[in-house]
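The overall figures come before the local detail.

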Amino acid sequence: MTREDFRREIGDAFDAISGSPSPALSDRVRSALVEDAPERHGQVWIAALAAAVIAVILVGVLLVGNPLNRFHPTPGGHGTSTPTTSPAPTASTNPSPTASPQPFICSDPSAFGASQAPPPLAYVDAVRTGMHTGYDRLTIEFQNGQPSSIEVRPQANTTFTRSPRGDTVKLLGKDGILITIHGSDAHTAYSGSMDLKTGYAGLLEVREVQDFEGVVQWALGLATTPCYRVVILTNPIRLVIDIQTS
Amino acid sequence: MISVVMEQPPQIMARATQGDAQAFALLIEPLLNPAYRLAAVMLADRTTAEDAVQEASIKAWRKLGQLRGDVGSLRSWFLSIVANECRMVRRQRWWSVAKLAEPRPVHVVADQFDETSTDLKSALLRLSPEERLPLVLHFYLDLPLDEVARTLGLSPAAAKSRIYRTARKLRSDLTLEEVF
């Protein structure tokens, strides 16, 4: 196959996917831009005002909070000490309130955290499962940074294609979820099982189906149609997927 | 396949930078077709693709100052905004992703595409949108490697490598010479 043949074939295939834009697209964009013009000027004005307000607040905070401005008692107690009116430091040592758990979603594929520049590969270093009240949990832990993006796609069966082999595997259960992790590998730091059969009520099986060229895919076999939630935790970076069981 | 006017009169850019929406519309008009094709391939949905291009155009208009009047970078800058918009659409609208997972059959005239093209189309749709992106930019929109790299925020070498790796997912026997 020549270079031109390949280009022509791939161009034809892309043509079949995209088709042509509607003739009205140009007018539609033009109208949207013209309609947006006053808003754009308005936004500039609002942004300038917001910047000014923020600057004033920052200056105020610096003036009030600057430790150099605080009252320091004179050693030896000579002279009249003036009671300070400086407010006590306001920094709280309380931990920030824990964010409320993500709601469960049903059958919605999700994508998380795409970034522009490719970061170094995030190495999977642990895969754990656990059974909790109301949900089963899968945790995939990373080291060496975070993956560039993660997609979670439910599907109505448990048959998955292994890549790059191209063959299929069938997991336990009725429905499945495919987790695609871009910018990651599961062979540098992970030496655990590639196929975990849990025996839980909701999450029945977890199996790696791809670890190739910076893309890792884990397939989940589930007992029923998945209602799940996805959370990304830090220190260390972990992808947590909870499968609702009740 | 697709011709895009690279050079735009600097006067139009100057007017657009000063807030002339009509001038900006004129500036990006030659880019709407490639932008649509990029979005349609990434989203696998033509209607959503047009919405994404419109939204990306507005965002580009609002961020025109970032470009600092550099007409030569307009195309890669605009296409990167379109690509980002497609990513956002995919994140926000789960059904778009579902369509990517199980693409609808596209109705085409039977003799318009041969079997190989149909196979290749299916193979392309099996790639993730992020994998399709460099292929669209290089093979479909005919962007040179350095412009693909700028659009993707990569070095030219990394862009080339990504294109080749993804192309080999379509045809594992492809050689470098057959791709570039």
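The model is predicted: local features need pLDDT of at least 70, side-chain atom pairs count only at pLDDT 80 or more, and totals for chains, interfaces and linings use all residues. Residues are numbered from 1 along each chain as its sequence is written, while chains are lettered from A and ligands numbered from 1 in the order in which they are written.

**Chain B**

Chain B has ten helices and zero strands; helices (H or I, at least four residues) and strands (E, at least two) are DSSP runs numbered from the N terminus. Of the contacts in chain B between residues at least 6 apart in sequence, 63% join residues at least 24 apart, a contact being two C-beta atoms, placed from the backbone, within 7 Å.

The axes of helix 2 (residues 21-43) and helix 3 (residues 46-62) of chain B come within 8 Å and cross at roughly 140 degrees. Axes are lines fitted to C-alpha atoms, for helices over the stretch in contact, and angles run from 0 to 180 degrees between N-to-C directions. Residues of helix 2 of chain B, including Phe24(B), Ile28(B) and Leu32(B), meet residues of helix 3 of chain B, among them Val53(B), Ala56(B) and Trp61(B). The residues of this contact divide into 15 nonpolar, two polar and two charged (Ala, Val, Leu, Ile, Met, Phe, Trp, Tyr, Cys and Pro are nonpolar, Asp, Glu, Lys and Arg charged, the others, Gly among them, polar).

Helix 8 (residues 145-152) of chain B has six of its eight residues buried. Among them are Val148(B), Arg150(B) and Leu152(B). Just after helix 8 of chain B, Gly153(B) takes a positive phi of about 70 degrees.

**Chain A**

| Strands of chain A | Sense | Bridges |
|---|---|---|
| Strand 3 (residues 122-132) and strand 4 (residues 135-143) | antiparallel | nine bridges |
| Strand 4 and strand 14 (residues 238-244) | antiparallel | seven bridges |

Strand 3 and strand 4 of chain A form a hairpin with two residues between them, and Gly134(A) in the turn has a positive phi of about 90 degrees. Val124(A) has Phe142(A), in strand 4 of chain A, as its bridge partner. For Asp136(A), the bridge partner in strand 14 of chain A is Ile243(A).

Conventions
A residue is buried if 20 or more other C-beta atoms lie within 10 Å of its own, exposed if 12 or fewer, and partly exposed in between; C-beta atoms are placed from the backbone. Two strands pair if DSSP finds at least two bridges between them.
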